[in-house]
Amino acid sequence: MGSSSGGSFWRRLGRLSASAAGITALAVVVSSCGLGQAEQGPPEPAESSAAPQTDAKTTSPAVKPPAAEEGWPRWGLTHTGVSANNITQQFEQVVAGSLARTPMVQNQHIMGFGALNPEPYPGQYFWEDLDSRLNLMQESQSKQVITLCCAPDWMKGGPEGPTEESAWGEHLEDAPYPQHFDDFAKLSAAVASRYKDVKYFMVWNEFKGFWKDHAKPADYKGYTTMYNKVYDAVKKVRPDAQVGGPYIGFDSNKGGDSELSGDWGVVNQNVLDAFNYWNKNKKGADFVVVDGASPTDAHELLPDEFGALSKFSDVTKWLREQTDDLPVWWSEWYFEPEDGSTNWEEPRRLAVQAASMMEFARSGASTALYWNPQAKKGQGDCQGCMWDPASGEETPTGRLIADFVKWFPAGAQIESVTSSDAAVRVLAQPEQLLLVNTTDGDVSTTVDGKEYTLKAYEIKWS
């Protein structure tokens, strides 16, 4: 796998600019970071077989996700332009140790998002960056995932050789030319052959280069052709590999006309057309991959930040119906407008995040990956980070995701419970109850005969 802290890697880190699309992602995810008001997490499961504190009663059949690998965590993260392996070896060990306490899914792209060009010349591979990230993922005991994106420059009209500084910002998201689809499939097969511990592969990212103007139809025929070549190439060298697509963003608008809509808005018909074409013409898929945000493309939260979250459930249910119940993966999800207009304090941001994760659990999503925007040390607050950029210690965001891994993995039995006050959202499994106050004031509610009082935007585990 290679060293995770070689000197040459640290020198090159200076060239790993916002380029690798990681820093751009920082602006997309969240707009406030602090220590928050979420509790220190739920208690560890009791070793005895005593009845749980809250005997939640089922009011409707639970929505179960499709069968998943035994012990599948459901929750996890995608590494971006800067991650724990890019600071110091000691920092990496701190983060890896923290993540290993509650192993989760972790994902890394093959180019960009923290990795330099993996094939600067045809047939000549550069694996050092991928080795470093995969080493971090192994150290932290993760379920490893690789995103087969993006493509070397020579596959998309650029020169051979290491990617130039300007090309990262201008051409990272270009799609390979059709005459190079076979070359990209060959690179994908080489990745799958090298990283035999990785079982899951997502093909491409958000139709990059295949959908330049979202007001017009995407080049879904081109993407599907490339996907099928990648699918065949990976399966040929790794029959055990699990491959999924199309990794398209489910954009939505306030108005419009499509079959998928709700109080949160209307999914762009171009998205549905692209997805339906891929679904009908794909060679195969072991899971389906999408991403999306609860705000509209115009940064609206309809009817509000919590009401908008039902989009995640509605899209998940629609996908399961369209694909004969393939496992649904959310490769990214966002719950704040990317224009930075909300300025939420950390307790409110965490409450919205917890409520969004409830939607994935209720609707039977198999996987939901948090886009983890780590900043470089010394760059100030790290917005929405899972670990502190200075110390590497777990933050409330990281603890929240770990708590969902612990109590609501893919195999958890989700039980429907009700709250006497609709402002308090609840999610339950036989041994744990989660409550989230969606208001800026204290609220008392009764759940299955037991009364709870929550402070403003409090997250309470019982």
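Before opening the model I wrote down one rule: buried means under 20% relative accessible area, exposed means over 50%, and partly exposed lies in between (1.4 Å probe, protein chains only).

**Ground rules.** The model is predicted, so I noted that local features need pLDDT of at least 70, side-chain atom pairs count only at pLDDT 80 or more, and totals for chains, interfaces and linings use all residues. Residues are numbered from 1 along each chain as its sequence is written, and side-chain values use heavy atoms, with hydrogens and water left out.

**Entry 1: helix α8.** I looked up α8 and found 13 residues, 269-281. Helices (H or I, at least four residues) and strands (E, at least two) are DSSP runs, numbered from the N terminus. From its first C-alpha to its last, α8 reaches 18 Å, close to the 18 Å expected at 1.5 Å a residue; the expected span is 1.5 Å times one less than the number of residues.

Which residues of α8 are buried? I listed Asn 270, Val 271, Leu 272, Ala 274, Phe 275, Trp 278 and Asn 279. These buried residues pack against α7 (220-237), β5 (242-249), β8 (265-267), β9 (287-293) and α9 (310-322). Here contact means heavy atoms within 4.5 Å.

At the start of α8, I saw a side-chain oxygen of Asn 268 within 2.8 Å of the backbone nitrogen of Asn 270.

**Entry 2: α8 beside α9.** I checked the two axes: they come within 11 Å and cross at roughly 30 degrees. That makes α8 roughly parallel to α9, a label for angles under 35 degrees. On the α8 side I found Leu 272, Phe 275, Asn 276 and Asn 279, which meet Trp 318, Leu 319 and Gln 322 in α9.

**Entry 3: Thr 147.** Next I went to strand β3 (residues 143-148), where Thr 147 is found. Is Thr 147 buried or exposed? Thr 147 is buried, with a relative accessible area of 0%. With the side chain of Asn 107, the side chain of Thr 147 makes a polar contact of 2.9 Å. A polar contact is a pair of N or O atoms within 3.5 Å; within protein, one must be able to donate a hydrogen and the other to accept it, and residues adjacent in sequence count only if both atoms are side-chain atoms.

**Entry 4: Asp 339.** I ended in the loop between β10 (328-334) and α10 (346-363), where Asp 339 is found. Asp 339 is partly exposed, at 42%, and its side chain joins that of Ser 341 in a polar contact of 2.9 Å.

How values were computed
Axes are lines fitted to C-alpha atoms, for helices over the stretch in contact, and angles run from 0 to 180 degrees between N-to-C directions. Angles under 35 degrees count as roughly parallel, over 145 as roughly antiparallel, 65 to 115 as roughly perpendicular and the rest as oblique.
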